[in-house]
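This report describes one protein model, going from a few loop residues to the fold as a whole. Please keep the sequence and the coordinates at hand.

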Amino acid sequence: MLKKEHNDLLTQTGPGTPMGRLFRSYWIPALLAEELPENDCPPVRVKLLSERLLALRDTKGRYGLIDEFCAHRGVSLWFGRNEDCGLRCAYHGWKYDVTGQCIDMPAEPETSRFADKITLQSYPLIARGGVLWTYMGPADTQPPPPQWEFVTVPPPQTMTTKRLQESNWLQAMEGGIDSSHVPFLHRSDLNTDPLFRGAKGNTYTLTDTRPVFEVVESPGGLYIGARRNAEDGNYYWRITQWVMPSFTMIPPRGDHAIHGHLWIPIDDENCWTWSYDYHPIRALTDEEVAAIRAGKGIHVKYVPGTYRPFANKDNDYLIDRSAQKAGRTFSGVEGFAMQDASLQESMGPIVDRTKENLGTTDSGIIMARQRLLRAVKALSENGMTPPGVDLAHQKVRSASIILPPDQPFTEAAREVLIARPAVAPASV
Ligand code: FES
Ligand SMILES: [Fe+2]
């Protein structure tokens, strides 16, 4: 349970809010590189942390993220002409470069210097791993570019998608660190989905539905250990990485790619669920790439021309009651992603955490909230850089591993929880 003031604090990320300031300490994904496919392509509307922005790629291939609205009389620059190294407003022709600087006012007298004084709010936008990242905080605290392993491995080894989620970011993220729902909600998919099936670890997950959780603070966030019984008295450990503010990495299964998410607020009632699949030491196979494109694993099929899932709240997520009754799926909704999203969105746009009743399997969620609240306070009161900004905090890996019963997972798995280039992941 959370007090209302803490629920408000963690779920509100607009300009001027404490949690918004925390999110503005990090490079966050803004859009996919494929959305700006060539120089001088049409600009893309991007709403992030409740700010309405426009992503641009200019004639020289420079990226920028600028205020969506013209400084003259406020029309949307989305209608503008992207030409000759700038975006020209469709109304009276004011033109802006990728930094938001006004560089032309064709209707003003030729001698006018007015344009020099006009600058739109703008943020840097950089390409890493097929994703365009932005940093929306103060220039003097801008960290070096992100170093998550899924964006630093060679391009054939990694693939990222995004989907619109119609809920606040926090309840989406909390679903990502709640490993105990897997043998229920996703029961039917573990052994059939092409990006999950066939791993030995699936058997442990499905046969021991009462995992014991051990959650330990990591430099950037938390190690969330879920322990299940394996053979000969040993334990099967699944260790999820959560790095602040909203990066999660799911423990791998067999030789499958490693999956994970980032949840990024669009506004307080919507977020982007970013989903990546990468393999640390090999290229993704054609079958894996085809499965990701087909919406398998943690990815989805879309409403054509959008990043909204095809199964969404307007069609009740295409729930199939006969499949639910027959046990072909646990909830009647198909696929990991929409099984999760349907339930997370069903809570309402911002779940009321004053009414919840948390159990032992919620310890990861409880500690993540505490860690976020502590970091927000330290940033607001003392300007302290939050965990997860340091590049070393980003070089992490999840793991699945069998350990003897007397070994603490944080000790025995210490080495495999660090991302080392070209080293195979620990996976069962
Ligand atoms: S509103 Fe953009 S130039 Fe006038
Ligand atoms: Fe899930």
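## Loop residues and overall fold

D40 lies in the loop between β1 (27-32) and β2 (44-48); helices (H or I, at least four residues) and strands (E, at least two) are DSSP runs, numbered from the N terminus. The model is predicted: local features need pLDDT of at least 70 and side-chain atom pairs count only at pLDDT 80 or more, while totals for chains, interfaces and linings use all residues. Residues are numbered from 1 along each chain as its sequence is written, chains are lettered from A and ligands numbered from 1 in the order in which they are written, and side-chain values use heavy atoms, with hydrogens and water left out.

The phi of D40 is near 60 degrees, a positive value in a residue other than glycine. With a relative accessible area of 28%, D40 is partly exposed. Buried means under 20% relative accessible area, exposed over 50%, and partly exposed in between (1.4 Å probe, protein chains only).

D40 is also a contact of D84, along with T59 and K95, once neighbours of D84 within four places in sequence are left aside. Contact means heavy atoms within 4.5 Å. D84 sits in the loop between β5 (81-82) and β6 (87-88) and counts as exposed, at 59% relative accessibility. C85 lies in the loop between β5 and β6 and has a positive phi of about 60 degrees, although it is not a glycine.

The peptide bond from M244 to P245 is cis, with omega near 0 degrees. P245 is found in the loop between β15 (235-243) and β16 (247-249). Most residues other than glycine have a negative phi, and most peptide bonds are trans.

S179 belongs to the loop between α4 (169-176) and α5 (182-185). This residue is buried, at 13% relative accessible area. Leaving aside neighbours within four places in sequence, S179 is in contact with F213, A226 and R228.

Two pairs give sequence separation alongside C-alpha distance.

| Pair | Separation in sequence | C-alpha to C-alpha |
|---|---|---|
| D84 and K60 | 24 residues | 8.7 Å |
| S179 and G364 | 185 residues | 9.2 Å |

Not counting residues up to four places away in sequence, L31 touches L36, V44, V46, A55, L125, V131, L132, K162 and W274.

The protein chain has 13 helices and 19 strands. Its radius of gyration is 23 Å, close to the 22 Å that the globule rule gives for 428 residues, so the chain is as compact as a globular protein of that length. The radius is taken over C-alpha atoms, and the rule is 2.2 Å times the number of residues to the power 0.38. Along its principal axes the C-alpha trace spans about 85 × 50 × 45 Å. Buried residues make up 55% of the 428 residues. Of the contacts with a separation of 6 or more, 60% are between residues 24 or more positions apart.
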